[in-house]
Amino acid sequence: MSLSVQLLWLIPALPLLAAVVGTLAPRGEFKLSASTAIAALTLSFLLSCGALITALADPSAHLTSNFTWFDLGHGAVRLGWLLDPLTALMCVMVTFVGLLIFVFSTGYMRDDANAKQFFCFLSLFAAAMLGLIIANSLLLLFVCWELVGLASYLLIGFWFHKPEAAAAAKKAFITTRIGDLGLLLGLLWLYDSTGTLLLYDEGQGVLDPVVLAGLGGSTAIGLLIFCGAVGKSGQFPLHVWLPDAMEGPTPVSALIHAATMVAAGVFLMARVFPLLTPDALIVIAFTGAITALLGALIACAQSDLKRILAFSTVSQLGYMMLAIGVGSWVAAIFHLLTHAFFKALLFLGAGSVIHAAHHEQDIRALGGLRGPMKTTFVTFAIGMMALAGVPFLFSGFWSKEAVLHAAHGWGFSQIPFYAGLVAVVLTAFYMTRLVAEVFFGHPRGNGAAHAHENTAAMTLPLGLLAACTILLGAIGTPWWPWLQRTLDPEFLSEPGGAGLMATSIVLVALGLGAGWALYGRKLRQKSAAADPLAVIAPRAFAFLAARMKFDKLYAATFGRLSDTLAACADALDRHVWDGVVRLLARLGRFTGLVNREADEEGLNAGFDATSESIRATAKAYSRAHTGDAHGYLLMIAFGFVVLVFAVLVGGGR
Amino acid sequence: MMALILIALVTLASAAAAMLLRNLIHSALLLTASWAGLAAFYLWAGAEFVAFAQVLVYVGAISMVVLFAVLLTRPPQPMPVTPPNTLGRALVALITGGAVLGVFIGAIVSSPLPATAAPAPTVSVKQLGLELAGRHAGALLIVGALLTVALLGAVVLAATDREPVGASLDDVRGRPPGTPLQKSGDAP
Amino acid sequence: MSLSSLQLCLLFSSALFCLGLMAALSRSNTILVLLGVELMLNAANVNFIAFWRYGPNPEAATGVVFVLFAIAVAAAEAAVGLALVIAIYRHQKNIRLQEATRLKG
Amino acid sequence: MSGLPLLSALVIAPWAGAALLALLRGASPRTCRLVALAFSLSTLVLAALALAAFDPARTTPQLVERHVWITALNVHYHLGLDGLSLVLVLLTGVIGPVALMASWRTARSRLFGALLLALQGSALGVFLALDFFHWFLFWELSLVPAFFLIKLWGGTGATRAAYQFVVYTISGSAFMLVAFAAIFAATGSLDFQQLAQLGADGSLAAKLGVDGARLVFLGVLLGLAVKAPLWPLHTWLPSTYAEAPTGVSMFLTAVMSKMGVYGFLRILWPLFPQQLHDSAPWLLLLALGGVVLGAWAALRQTDLKRMLAYSSLNHVSYCLLALFAVAHATGRPGLSSEAATAALAGTILQMFNHGLSAAALFCCIGVLESRAGGKRGLHDFGGVRTAAPIFAGLCGVALFSSLGLPGLNGFVGEFLIFRGVFGLNPGVAAVACLGLLGTAMFLLTFWQRVFHGPRGGAATVAFGDVRGIELASLAPLVVLMIALGVAPQLLLRLINPLVTSWAGHLVLP
């Protein structure tokens with residue numbers, strides 16, 4: 001069964017429809033909403049598989065279907081769908097992981113009063129992400145990009161009655177919007193220089209070689225687009241929203257961190273990869289390296305279960321960006337795909353733990369869950385090993401290896417490569433810490449003590465994801481780089497990866513060993529006990545635990561700046577402009593006063609005198625009006641005589 | 001010519017007498033005579049229709065009205081003041097009248113008037129009627145309206161018999177405060 | 001010098017006019033004043049007829065018509081005037097013109 | 001359309017309604033409201049007829065009615081409809097009834113309905129008039145009902161706000177009137193089309209002289225800039241919008257501010273292309289000030305209506321920004337007419353879109369106010385979304401439309417504006433992006449404080465969800481927002497030829 005590109009829109013349309021149905025459904029119709037969402041996503045998944053089959057028929061082709069969104073007088077704004085292996089693989093991944101998360105949510109959110117809404121938002125999220133993936137137009141991509149932002153806003157703030165959740169949602173939206181503005185400017189620039197935002201359009205799209213060759217300022221455009229990715233994919237320095245996004249329900253975290261939101265940035269960079277100049281790639285590579293290191297470092301000192309995972313996401317996203325930066329977007333996508341599965345697994349596992357432990361998230365207060373939650377433990381451990389890069393069996397190892405391999409081969413600088421290596425050790429270390437704290441030892445809190453395994457709705461997805469986590473590694477091994485060849489037909493597997501592989505195996509072992517030495521050997525007894533790492537390096541630990549004080553730094557700089565600007569703008573209004581107006585008004589009133597005085601003294605006095613004399617004259621005249629008819633008659637007669645004489649004397653005829 | 005002089009003298013004499021006499025009734029009667037003289041003058045001048053009109057209006061109608069007025073306004077006792085009231089007034093009147101007359105006579109004598117008498121124009125009543133109803137139809141209508149209005153005005157002026165003002169005021173004053181106005185007497 | 005008929009007529013009218021004027025000026029009885037005014041009007045009518053009879057345009061009947069109108073107006077005037085006299089009399093019990101100096105009663 | 005003077009009917013119908021209401025002494029409140037609503041809706045119906053008769057392909061005014069009025073002043077009664085007018089007439093047709101319904105309780109009063117109808121009638125007159133004489137008449141006439149509406153039904157500071165509003169606007173208009181007197185003295189015509197012709201070939205400026213033209217331009221600019229408003233002539237706006245009753249705020253922000261922008265497009269730009277071009281750098285700065293400082297000033301407000309007033313300033317400034325950018329680029333070699341088209345189309349679209357979203361937001365504040373007994377502070381509420389989910393949903397759509405979320409109407413206009421401005425003047429577009437950020441910040445702050453968090457403030461006690469008439473006033477707006485967000489072609493097809501012809505004649509005399 002294959003799916004033609006013209007019908008590609010069905011993939012995002014179905015979840016969107018589910019979202020609409022869910023919205024219009026009456027309140028409390030949890031089952032209807034959930035089943036519609038799951039059914040829609042299942043269909044989407046099947047369609048995605050069909051799309052994959054179509055795409056694999058000719059991996060090097062970019063099938064497109066463009067249409068006009070609206071006309072402008074000059075030309076039209078066109079959108080379109082694009083089907084190539086990248087799109088198809090992403091669709092399959094998003095729908096599959098998303099589906100499992102949906103199923104998991106039916107268990108996790110069962111008791112929530114607003115569960116109906118939750119599934120609407122989830123569907124919207126999936127629809128937006130799928131739309132983003134199939135977009136053949138950067139504009140459509142941007143539209144969906146923003147909708148992803150909206151959906152994440154709604155979901156992070158799902159428990160909006162909690163002030164922290166509301167604040168985190170806002171923070172996520174605003175922070176990513178900063179990046180989005182860069183993206184928007186990049187798009188505008190691109191639009192202005194090429195006249196189109198279609199990616200592939202029979203030789204006229206922005207990614208078509210003819211157009212690319214004639215593009216000026218593409219470094220800047222690339223970097224501006226990268227801004228968007230920095231925001232959405234939580235790269236340094238805009239990574240601050242990602243850990244806070246943990247305020248949302250855990251399935252949301254899974255969706256954001258695995259399949260949808262953060263993947264969008266990496267996907268975007270992979271999509272526009274031909275646009276990126278070497279200069280832009282250097283910036284991307286270093287940003288990725290810094291993020292990878294930064295995330296891993298901070299993760300070591302966190303104590304919140306989900307936060308640790310969140311920072312691990314930041315770190316892994318750094319890897320992906322690093323891969324793109326060093327020129328191997330294929331490796332980035334490979335890592336993105338494997339990461340999607342094992343991170344979803346880890347988050348759902350964490351959700352399972354949290355659900356079982358009555359919403360206890362602090363790893364210091366958990367512990368000993370290995371016994372009561374066997375399935376969760378096993379699957380979580382698989383995910384952890386994949387993330388840590390435990391060799392051979394787990395997909396994470398292969399994809400990370402691909403990234404490191406690409407970094408090693410980068411001609412410009414080896415610094416990102418070394419940063420990646422350090423991050424490998426750290427990843428292994430903090431994941432060991434996490435597992436040791438949560439699953440080993442004995443329960444240190446009320447929640448953990450009463451924990452028990454969850455229902456099948458929650459464990460089944462875990463099992464499936466764990467299976468995929470293991471199996472997925474097979475598609476991109478150096479011996480059979482199927483994925484790489486599919487995505488990039490010109491891919492050449494370079495030999496000589498054995499030494500590198502050995503190094504990284506040693507490093508992973510080092511990290512695991514260190515972690516076990518610190519946390520596994522001597523298990524934590526009380527939840528209040530100090531962290532071993534804090535004992536060794538208290539100040540560094542505190543600094544890392546405070547997330548390197550990025551939030552404080554931003555609050556002190558950008559936050560303050562914004563507040564000052566707001567105060568200035570307001571004061572400008574209230575005092576300066578209003579003051580000017582008031583001054584004018586006062587001036588007007590003053591002029592009026594002066595005028596009035598002048599009137600009183602000058603004009604009015606003159607008027608008074610004139611009118612007084614007029615009145616006097618009038619009085620005199622009225623005195624002449626006696627009412628004596630004889631007098632009048634007399635005057636007429638005399639007047640007549642006098643007039644006649646006057647005429648005669650004056651010589652008139 | 002002699003007829004004209006005769007008519008003039010009679011007319012002027014009766015008018016002068018009318019103006020000088022004390023008794024108003026006599027004055028009115030003499031004035032009627034004077035008007036009749038004027039009618040004679042019109043006849044002499046060949047304007048027969050005007051003469052008839054003069055007789056009808058002045059001799060017939062206005063003299064009657066004057067007589068009525070005189071009779072109606074007769075004071076309870078004969079007026080003590082003799083006309084002309086004062087010598088000064090009479091003198092002033094005389095001087096003014098003389099001056100005006102002088103001006104007139106001067107003007108008449110010095111003006112170059114046509115000396116020869118043209119053949120007397122004849123105006124038949126028919127002609128006059130045509131003239132009135134033709135060229136002067138508008139004026140005729142207006143005069144008709146004027147007469148009607150004058151008639152009404154005269155009736156209103158002379159016949160309005162207002163209620164004495166004091167009576168109604170007394171009514172209001174005598175009324176205790178708060179009681180509604182009586183219907184009668186308060187209507188304006 | 002000998003006077004023409006027209007001049008005679010005019011002299012007649014002038015005399016009549018001045019008589020009326022003097023009466024109107026000297027008498028204090030309102031009725032007589034009114035009658036004086038009537039006399040002056042009549043004098044004017046005499047002039048009309050004189051000029052119609054001896055004037056330069058004898059064919060037209062204008063003079064006659066004018067006199068007719070003047071008589072009509074004079075009649076109206078007399079009627080209203082005498083009504084006024086009666087009203088004044090009723091108001092202040094005499095008809096001395098000197099005392100009727102106010103328009104407002 | 002043969003015979004039927006559709007445009008006159010459009011203008012007169014609301015006035016007739018106002019007159020009828022004035023005559024309906026002693027009618028029951030119910031009748032008053034229904035009569036007012038019926039006449040208010042008549043605009044929508046007539047506008048639909050006009051839409052049916054309208055031929056988008058023609059760029060000259062259509063359905064023209066032109067009669068000699070005052071021969072001595074060469075004044076004609078001249079009405080005409082082109083794409084720009086039609087869009088605004090449609091907007092008025094939508095907002096008029098909705099504003100009335102949003103003030104349903106106040107609309108019990110005969111006078112209120114009559115005044116609102118009068119306001120609607122004068123706005124229509126402004127949008128349809130093609131002769132300065134009655135254009136100005138309607139322009140000034142609109143102040144009278146607005147003044148009384150604010151003064152009689154406004155909040156505590158309403159009297160002051162009403163006076164401020166009227167005095168401010170009239171002083172601007174006075175300059176405009178003088179300017180037009182000068183134009184009339186120079187040309188002997190007050191007809192917009194004739195004057196535009198003169199403006200296009202430069203003979204208007206030649207007749208006025210260089211300095212004269214500059215002064216006259218400034219006069220007209222001042223009159224329009226106060227109304228729109230252009231930063232920093234906006235200080236009347238926050239207090240006016242804040243004090244006016246809900247329906248009036250809606251109408252003011254949705255329609256009346258568009259009268260200013262409309263004036264820019266209809267009068268200032270065609271008549272004074274050279275002068276506008278010369279002063280465009282400064283005007284661009286002012287528009288940027290409105291965009292950026294407006295957004296940040298809104299961030300500082302605690303009165304929700306004032307906050308929205310600043311957001312209105314911000315949004316209207318985008319329109320002006322685009323126009324000024326086009327004027328600035330006019331005559332430049334290598335001018336991208338695609339960018340100019342986008343900017344101008346975006347301007348018109350933004351006018352309509354802002355009308356919808358701002359009106360909806362003011363309506364929402366009105367609902368909040370009615371529930372909280374007149375309170376509308378940022379801190380007077382909390383957790384409203386828990387108490388009134390449907391209301392929150394509708395308000396959320398309006399809010400996200402206002403901050404330019406794709407899929408809703410706000411995005412398309414802003415995107416086109418940015419696309420155009422970027423093509424003409426990239427630096428300005430980059431700075432203006434800050435405005436987008438600021439908008440998101442204060443709108444989300446509003447949303448977070450009022451709708452999220454635990455139930456608090458006025459929302460603690462019984463806080464009912466939207467009811468019949470409130471729903472009826474919000475729902476059409478929200479539906480339109482979504483419809484236009486998905487299919488902007490609905491509006492764009494009306495203005496495309498017009499905008500294209502504008503963009504095709506971007507030359508200086």
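1. Basis. The model is predicted: local features need pLDDT of at least 70 and side-chain atom pairs count only at pLDDT 80 or more, while totals for chains, interfaces and linings use all residues. Residues are numbered from 1 along each chain as its sequence is written, chains are lettered from A and ligands numbered from 1 in the order in which they are written, and side-chain values use heavy atoms, with hydrogens and water left out.

2. Helix α8 of chain A. Helices here are DSSP runs of H or I with at least four residues, numbered from the N terminus. Just after the helix, A:Gly234 has a positive phi of about 60 degrees.

3. Buried means under 20% relative accessible area, exposed over 50%, and partly exposed in between (1.4 Å probe, protein chains only). Among the buried residues are A:Ile221, A:Leu224, A:Phe226 and A:Lys232. The buried residues pack against helices of chain A including α5 (138–156), α6 (163–194) and α12 (278–299).

4. D:Glu369. This residue lies in helix α15 (residues 337–371) of chain D and is buried, with a relative accessible area of 14%. Beyond neighbours within four places in sequence, D:Glu369 is in contact (heavy atoms within 4.5 Å) with D:Thr246, D:Lys305, D:Gly374, D:Lys375 and D:Arg376.

5. Nonpolar cores. A nonpolar core is a set of buried Ala, Val, Leu, Ile, Met, Phe, Trp, Tyr and Cys residues joined through side-chain atoms within 4.5 Å. The largest has 441 residues, and D:Trp135, D:Phe180 and D:Phe446 have the most contacts inside it. Apart from that core lies another of 64 residues, among them B:Ala8 and C:Val65.

6. Interface of chains D and A. Contacts join 58 residues of chain D to 48 residues of chain A. The buried area (accessible area, 1.4 Å probe, that two parts lose on being put together, summed over both) is about 5000 Å², with carbon and sulfur atoms giving 70%. One salt bridge crosses the interface, the term meaning a side-chain nitrogen of Lys or Arg within 4 Å of a carboxyl oxygen of Asp or Glu. A:Asp192 forms a salt bridge with D:Arg419, the closest N and O atoms being 3.4 Å apart.

Notes: Helix = DSSP H or I, 4+ residues; strand = E, 2+ residues; numbered from the N terminus.
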